[in-house]
Amino acid sequence: MKLKKHPLIIAIVGKGGVGKTVITTLIAKAISTSYKFKLLLIDADPTHPHLSNMVNLVPEKSLEKIRTELINKTINKKKDIQTIAESIDFEVYSAIKESKDFSLFSIGQPEGPGCFCPSNALLRKVIESISSDFDVVLIDCEAGLEQINRMVIRSVDTILIVSDISLRSIETAKSIKETAKRYTNYKKIGVIVNRVKGDIKIILDKLREYDLSLFALIPEDVLITKFDLEGKSLINIPEDSVSLQKITDNIKKLLEI
Ligand SMILES: Nc1ncnc2c1ncn2[C@@H]1O[C@H](COP(=O)(O)OP(=O)(O)OP(=O)(O)O)[C@@H](O)[C@H]1O
Ligand SMILES: [Mg+2]
């Protein structure tokens, strides 16, 4: 398969705890199993950075660490600001951890108290500069609207809004779409309803009412629960698991723009 857009940047967003990191991991597994694309995963969540654990790959350094080190060098005047600024790209590239299937870069958690604005601003620039070295980029975002409002993912092509089977989560999906229209340049947007069990007619009706297109329905999967319980990396989930199969069935559609 040939990608129509290169790089193809996909952001995975949604309310807290709905399964964004799980879905990012399953998509990464589905893409790397079926295609030879150069794939970059970005853990953009500074509060719940679980992607590294789920895909079993630890980045050399986080963006937050790079930022702190550069600030310290500036304060201590070890190097002039121009040299420090020029070293950011090198530092970022060295921080990307590669495996045979994909690479991982992480925003990381701030070391002290304070807001995430500086990290988010830097992350926007990093996404825009490193993505061109990859075919497909998956960004596991922080819960809610903050990174959309702050235009961290403004250069995104496809937005996948993950929702569970609660109305609150669909309401968040609606707000996300409205915000994304204003603050990003997305070309495609869709909802993944995750942890599906029983009758979800109310949810499907709401999606139609809010003009949110359904991308896929992912069932509640006992294997995900088992992996969670045993602390295993989800990337090793068997290919015949119900959740991974559903993602795999939809992967071609995801890679189209
Ligand atoms: N399809 C599924 N079947 C069973 N369990 C699931 C499924 N999807 C997600 N889970 C479970 O739901 C919990 C939350 O998942 P995950 O960490 O991916 O959510 P998140 O949206 O990334 O959360 P956060 O907002 O904290 O980043 C995890 O315990 C995960 O194992
Ligand atoms: Mg997460």
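1. Strand S1 is covered on both faces: Leu8, Ile10, Ile12 and Gly14 on one side, and Ile9, Ala11 and Val13 on the other, are all buried. Buried means under 20% relative accessible area, exposed over 50%, and partly exposed in between (1.4 Å probe, protein chains only). S1 spans residues 8-14, and seven of its seven residues are buried. Helices (H or I, at least four residues) and strands (E, at least two) are DSSP runs numbered from the N terminus. In a regular strand the side chains alternate between the two faces of the sheet.

2. On the basis of the note: this is a predicted model, in which local features need pLDDT of at least 70 and side-chain atom pairs count only at pLDDT 80 or more, while totals for chains, interfaces and linings use all residues. Residues are numbered from 1 along each chain as its sequence is written, and side-chain values use heavy atoms, with hydrogens and water left out.

3. S1 has two parallel partners. Five bridges join S1 to strand S5 (residues 136-140), where Leu138 is the bridge partner of Ile10. Strand S6 (residues 158-163) also pairs with S1 in the parallel sense, over five bridges, and here Ile159 stands opposite Ala11. Two strands pair if DSSP finds at least two bridges between them.

4. Helix H4 (residues 81-95) packs against helix H5 (residues 117-130) at an angle of about 75°, the axes being 11 Å apart. The two helices are therefore roughly perpendicular to each other (65 to 115 degrees by the rule used). Axes are lines fitted to C-alpha atoms, for helices over the stretch in contact, and angles run from 0 to 180 degrees between N-to-C directions. H4 contributes Asp89, Val92 and Tyr93 to the contact, and H5 contributes Val126, Ser129 and Ile130; contact means heavy atoms within 4.5 Å. By class, the contact has four nonpolar, one polar and one charged residues.

5. The count comes to 17 salt bridges, each a side-chain nitrogen of Lys or Arg within 4 Å of a carboxyl oxygen of Asp or Glu. Lys5, Asp157 and Lys187 are linked in a network of salt bridges.

6. Glu230 forms a salt bridge with Lys226, the closest N and O atoms being 3.2 Å apart, and another with Lys232 at 3.0 Å, N to O. Glu230 is partly exposed, at 41% relative accessible area; Lys226 is partly exposed at 40% and Lys232 at 41%.

7. Asp101 and Lys100 form a salt bridge with closest N and O atoms 3.3 Å apart. Asp101 is partly exposed at 32%, whereas Lys100 counts as exposed at 78%.

Methods. Chains are lettered from A and ligands numbered from 1 in the order in which they are written. Angles under 35 degrees count as roughly parallel, over 145 as roughly antiparallel, 65 to 115 as roughly perpendicular and the rest as oblique. Ala, Val, Leu, Ile, Met, Phe, Trp, Tyr, Cys and Pro count as nonpolar, Asp, Glu, Lys and Arg as charged, and the others, Gly among them, as polar.
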